[in-house]
Amino acid sequence: MPVLFAHALVQQSYSTLNPASPQARLVDRLGDSMFITAAVVFGLVVLALLWAVFRRRDSDEGPAEDARREWPLRTSALVATAVTTAILFVFLILDVSVGRSITTNPGKGALQIRVTGHQWWWEVQYRDSLPKNWVTTANEIHIPVGRPVVFELKSTDVIHSFWPISLSPKKDQIPGDENSLWFQADSAGVYRGQCAEFCGHQHAKMAFLVIADPPAEFASWLARQRDTALTPTDALARRGKEVFLASPCVMCHAISGTPAGSRIGPDLTHLASRRTLAAGTLPNTRDNLIGWIVNPQVIKPGVRMPPNQFSGPDLLALVAYLETLK
Amino acid sequence: MCSRFRDSVILSAVLALSLAACQREERNFQGLPSGSAVANPKVREVELVPGGNVPADSRPGPYEENAYAVSQGKTLYNQYNCSGCHFQGGGGIGPPLMDADWIYGSRPANIYETIAEGRPNGMPSFGRKIVPDQIWQITAYVRSMSGLLRKDVAPGRTDDMQVRPQEQSAQKAKPVQSAIPKSAEIP
């Protein structure tokens with residue numbers, strides 16, 4: 001089966017052919033059924049064509065014999081046209097019903113997450129009736145397994161498109177407008193997502209992770225994220241905090257519990273708990289973090305963060321501080 | 001036949017020329033070379049001269065001819081909250097930036113100095129908070145507000161300063177019949 005072959009070719013967590021939610025599975029099944037039907041129809045058409053090319057022709061028979069032979073041909077052409085039309089109508093109905101069932105509101109009890117697209121990263125916000133419980137993070141979306149999650153999709157600059165690849169079809173994020181999308185993950189795991197609308201220089205390096213946790217684990221993650229950043233205990237990290245607060249970092253980044261509160265760049269309150277840097281571009285390691293701070297323009301040319309000049313000791317202290325932001 | 005050949009030669013020459021026009025400018029993501037005089041301009045430390053229009057340096061700024069950098073400057077102008085005092089150039093808490101009056105000079109180096117070092121009575125010093133490259137971008141944008149940059153370099157679009165939503169996103173109104181005003185009555 002070509003479909004099975006295609007399934008085997010692509011990487012596990014990075015494919016629409018490997019659905020991990022009821023919504024993605026419906027779309028995948030629709031795609032598979034269209035592919036298989038089209039393949040069968042294509043095979044039949046090729047067979048008919050070959051038969052038409054290679055069939056025997058007797059030239060010495062009269063016009064009456066010709067007419068007798070033409071009748072079944074004409075009938076089968078008519079039947080084929082009717083069947084084709086019927087198949088297309090069946091697909092129309094299937095398509096509309098799949099579209100309706102994945103866009104129907106999941107009702108109450110769904111988790112609301114606001115995802116705002118920026119050039120070139122994702123701001124993720126978990127809201128609450130108490131604003132002090134709001135959690136803002138970036139590029140990493142934790143969701144509970146088996147519970148519907150509604151995403152409110154926004155953008156502040158240009159059109160982006162939110163695409164949690166194996167979990168859901170994509171949806172555009174349009175500046176000045178709000179879109180929404182919902183799905184629920186079947187099983188725990190880390191799924192990759194990607195911006196799916198060309199949004200400028202670093203569109204390709206605008207990825208995110210969806211991390212589906214068991215409900216209890218998700219609740220404890222959310223509780224940890226609500227904490228403000230702790231004042232570091234060791235001297236180096238304390239020095240790093242001073243460096244951070246006196247540097248250009250504070251013009252764009254926020255760390256809750258400190259005077260830094262700008263919302264232009266990603267919130268760094270729990271930076272060290274995240275797996276990637278720069279919207280899925282680099283694994284979050286010490287070396288990558290240093291490289292990213294010193295010259296992000298080498299790693300992601302055009303990114304809004306400028307190259308920064310720190311003395312060696314200041315840089316080490318700064319990174320030591322950022323690593324305490326668990 | 002011959003004239004058609006000549007026409008097509010002329011047409012392809014025009015097309016080739018217009019293709020060459022596509023490359024307008026370089027986008028310099030690395031910023032200014034560090035250690036250069038422009039990246040680390042010498043700025044007066046004190047020497048308080050309030051009110052005096054003292055042209056310190058008549059060199060052009062590095063981004064006066066770069067539309068990309070000016071538009072970055074425009075974004076930063078709002079993100080760094082210059083608009084908090086100067087508004088969209090009309091001024092309010094701080095002086096207006098889109099008119100012809102300059103208290104501390106209109107040259108790029110003057111404006112750089114104003115942003116980096118601050119000015120008496122309210123303008124904070126941003127020299128240690130904004131990297132030089134971005135100060136130069138904001139400088140270029142500030143100059144574009146009063147038309148001091150070339151027209152094809154100055155930003156041509158504002159997405160977030162609409163006096164009302166665009167027509168396509170207007171709320172559907174319920175038409176109401178209003179009373180006929182006095183002025184419209186037949187005398």
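These are legends for a handful of close-up views of a predicted model.

View 1. Chain A has a mean pLDDT of 90, with 94% of its residues at 70 or more. The stretch to treat with care is residues 1-11 of chain A, where pLDDT stays under 50. For those residues the model has ten contacts beyond four places in sequence.

**View 2. Strand E5 of chain A and its two partners, E1 and E8.** E5(A) covers residues 149-155 and is mostly covered, with five of its seven residues buried. It pairs in parallel with strand E1 (residues 111-118) of chain A through seven bridges. The pairing with strand E8 (residues 179-183) of chain A is antiparallel and has five bridges.

**View 3. An open five-stranded sheet in chain A.** Going across the sheet, the order is E4-E10-E9-E6-E7, and the pairing is mixed. Strand E4 (140-144) and strand E7 (171-173) sit at the edges with a single partner strand each, so one side of each has no neighbour in the sheet. From one strand to the next, the twist averages 30°.

View 4. Which way do E4(A) and strand E10 (residues 207-213) of chain A run, parallel or antiparallel? They run parallel, joined by five bridges. To pick out one pair, look for A:Ile141, whose bridge partner in E10(A) is A:Val210. Helix H4 (residues 215-226) of chain A lies across both E4 and E10, at about 135° to E4(A).

**View 5. Helix H5 of chain B, from end to end.** Just after H5(B) comes B:Gly147, with a positive phi of about 70°.

**View 6. Where chain A meets chain B.** Here 13 residues of chain A are in contact with 14 residues of chain B. On the chain A side, the residues split into eight nonpolar, five polar and no charged.

Terms used. Residues numbered from 1 in each chain as written. Chains lettered and ligands numbered in written order. Predicted model: local features only at pLDDT ≥ 70, side-chain atom pairs only at ≥ 80, totals over all residues. Buried ≥ 20, exposed ≤ 12 C-beta atoms within 10 Å, placed from the backbone. Helix = DSSP H or I, 4+ residues; strand = E, 2+ residues; numbered from the N terminus. Pairing = 2+ DSSP bridges. Contact = placed C-beta atoms within 7 Å. Nonpolar A, V, L, I, M, F, W, Y, C, P; charged D, E, K, R; others polar. pLDDT = per-residue confidence, 0-100. Axes fitted to C-alpha atoms, helices over the stretch in contact; angles between N-to-C directions.
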